[in-house]
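Let's take a walk through this structure together, one piece at a time. Have the sequence and the 3D view open as you read.

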Amino acid sequence: MRAEFLAALEFAQGADEITDPGELNRRFGEVVRRFGVRYFSTIVAAAPGQPVMPRILSGEVDPAWSERYSAEGFAAVDPVLATLFETRKPFTWREAAGRRSTRAGQRVMGEVRDITGTDEALVVPIHDRMGEVAAVILSGSGVSFEPDVRPVLHLASVYFSGVARDLADGAPVEACCPLTARQLECLRWVMDGKSDWEIGEILGISEHTAHNHVEAAKRTLDLGTRVQASVHAWRRGWLI
Amino acid sequence: MIHLINAANRHLYRDVLAQMHRARTDHFVEERGWRNLCVEAGQELDEYDNDQALYLVGFDEFGAIAVSARLLPADRGCVLSDHFPHLVVEGPACGPGVFELSRYFASPALRGRKHFPVKASMNLAVVEAMVERRARRLVGFTDLHILGIMRYSGWRVRPIGLPTAYDEGTAAAFEIACQADDLAEMQAAVELSGRQLFEAPAWLPHGSDVRALADVTSLVINLPAELRGPVLEVVSRTVRDWRPQGDLGPLFARLGERAAA
């Protein structure tokens, strides 16, 4: 049995004991690099009753690409994101581009190659029973994801995504983002012009709690208004 | 409550078991497309549906099966060890004290966030059954995408082998933590207290209303501590009058003690 396969299994077996996002990224990174992966991330693409607005929970990504992706609104035309909602099986960028060949989609795929220097990725859909759609994206250059490798990376990704989501609930989302997942959720709705009461209704929390999340985000970012806070988060790709 | 059906009380659940086997056909054969299963008269059955098998069944408010699973003592083998041994790197998948969880399904009507308590109750009942039988290990295998979902079910699920593609998907073997402290941890995690499992006494006659009995049991054992003693006394006396040869009092008392513990 290949040593990198066993390393992936060992990661999955021990992942639930990890309590620190940095440690999670370090250990998962060690595993996936053995398969030729350069960048990796886990995203939440959508939750029930919410618009499709992917956000990065954890991983090591190219910040220039994250910024570009959100600034250009690529989520609306990204063939990878569209494919994510259609399958539970891992798929590659090439397979996604082949399924949905639009000019806008080709532009997204071209730009990700140009900016990140990676030319292929394995995308592992993670659908949970609460209706949330998430994914793990493993990209690299000159890497191929053969059929025997996919189940192994799928297994490790299930645990990477699961633990990242556990840790994100109430913790800062990434090293570069000081806000919690809940605060980002609230800011996302602020961008849509929602009031605290409306955000509370959407997220199933009280108006008071929604207000507190937004106020905490403003304090953390040292900004005066809720709109400033949401724009600040959006510009940095935290709301992609 | 979740009903545990065993060889001794099976006569009370004939219709339920037939309904369960039909639901297994709907779920595993029709919905998930498992082509190699044996279906007879609309009922999915395999060689492990024998006297050793324990079935856990939960009902919806209309009396239909909402959730169901099979627990198999794997002393001499189970589906995983007999048919998919290549999925297991970290054994054993069979032997004394090892149980296998299989044929778990929830009704499509239960999908979604608001029905989580029903499934959490079922998953707690699985671990309760294992703790009571002093299980050493609870193993099983499932599709990889379901493994991710299982992580949010309240169970502590750990893979025990490398996943492998099969006809209908990619399967991975797992074990579920099933010791007494795991049960306590799980109760806290899913915010469900009290006993979930109901095991109907074997002496009840065919045709007994086991669902009503389970409801009464649930009421009695989940009473506040100060009321439990007097109520148990009244119930025990009533049951003795009703059926002197089969006293339910000790059953309630035993369940009540467990709930209190």
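Start at A:G204, which sits just after α9(A) and takes a positive phi of about 70°. A quick word on where that comes from: this is a predicted model, in which local features need pLDDT of at least 70 and side-chain atom pairs count only at pLDDT 80 or more, while totals for chains, interfaces and linings use all residues. Residues are numbered from 1 along each chain as its sequence is written, and chains are lettered from A and ligands numbered from 1 in the order in which they are written.

α9 of chain A covers residues 196-203, and its buried residues are A:D196, A:I199 and A:G200. Buried here means that 20 or more other C-beta atoms, placed from the backbone, lie within 10 Å of the residue's own; exposed means 12 or fewer, and partly exposed is in between. These residues cover an arc of only 100° around the axis, so they lie on the same side of α9(A). The arc is that of the directions from the helix axis to the C-beta atoms. What do the buried residues of α9(A) pack against? They meet α8 (181-191) and α10 (207-221) of chain A, with a contact counted if two C-beta atoms, placed from the backbone, lie within 7 Å.

Next, look for the sheet in chain A. Five strands form an open sheet with antiparallel pairing, in the order β2-β1-β5-β4-β3; two strands pair if DSSP finds at least two bridges between them. β2 (55-60) and β3 (91-92) of chain A stand at the edges, and each has a single partner strand, so one side of each is left without a neighbour in the sheet. Helix α2 (residues 21-33) of chain A packs on the sheet and touches β1 (39-46), β2 and β5 of chain A. The direction of α2 makes about 65° with that of β2(A), using axes fitted as lines to C-alpha atoms (for helices over the stretch in contact) and angles from 0 to 180 degrees between N-to-C directions.

Stay with β5(A) for a moment. Seven of its eight residues are buried. This strand, residues 133-140, pairs with β4(A) in the antiparallel sense over eight bridges, and β1(A) pairs with β5(A) over seven bridges, also antiparallel. You can pick out partners by eye: A:I137 is the bridge partner of A:V123, A:G140 stands opposite A:E120, and A:L138 stands opposite A:F40.

Zooming out, chain A is assigned domain 1 (3-170) and domain 2 (173-235), with bounds from an automatic or database domain assignment. Their centres, taken over C-alpha atoms, are 25 Å apart.

And how do the chains meet? 18 residues of chain A are in contact with 20 residues of chain B. On chain A's side, α1 (3-14), β4 (120-127) and α7 (150-168) each supply at least two residues, and the largest share, six residues, comes from α7(A).

Finally, chain B has eight helices and eleven strands, and 39% of its 261 residues are buried. Its domain assignment gives domain 1 (2-198) and domain 2 (210-260). Seven residues from domain 1 of chain B and nine residues from domain 2 of chain B make up the contact.

Terms used:
Helix = DSSP H or I, 4+ residues; strand = E, 2+ residues; numbered from the N terminus.
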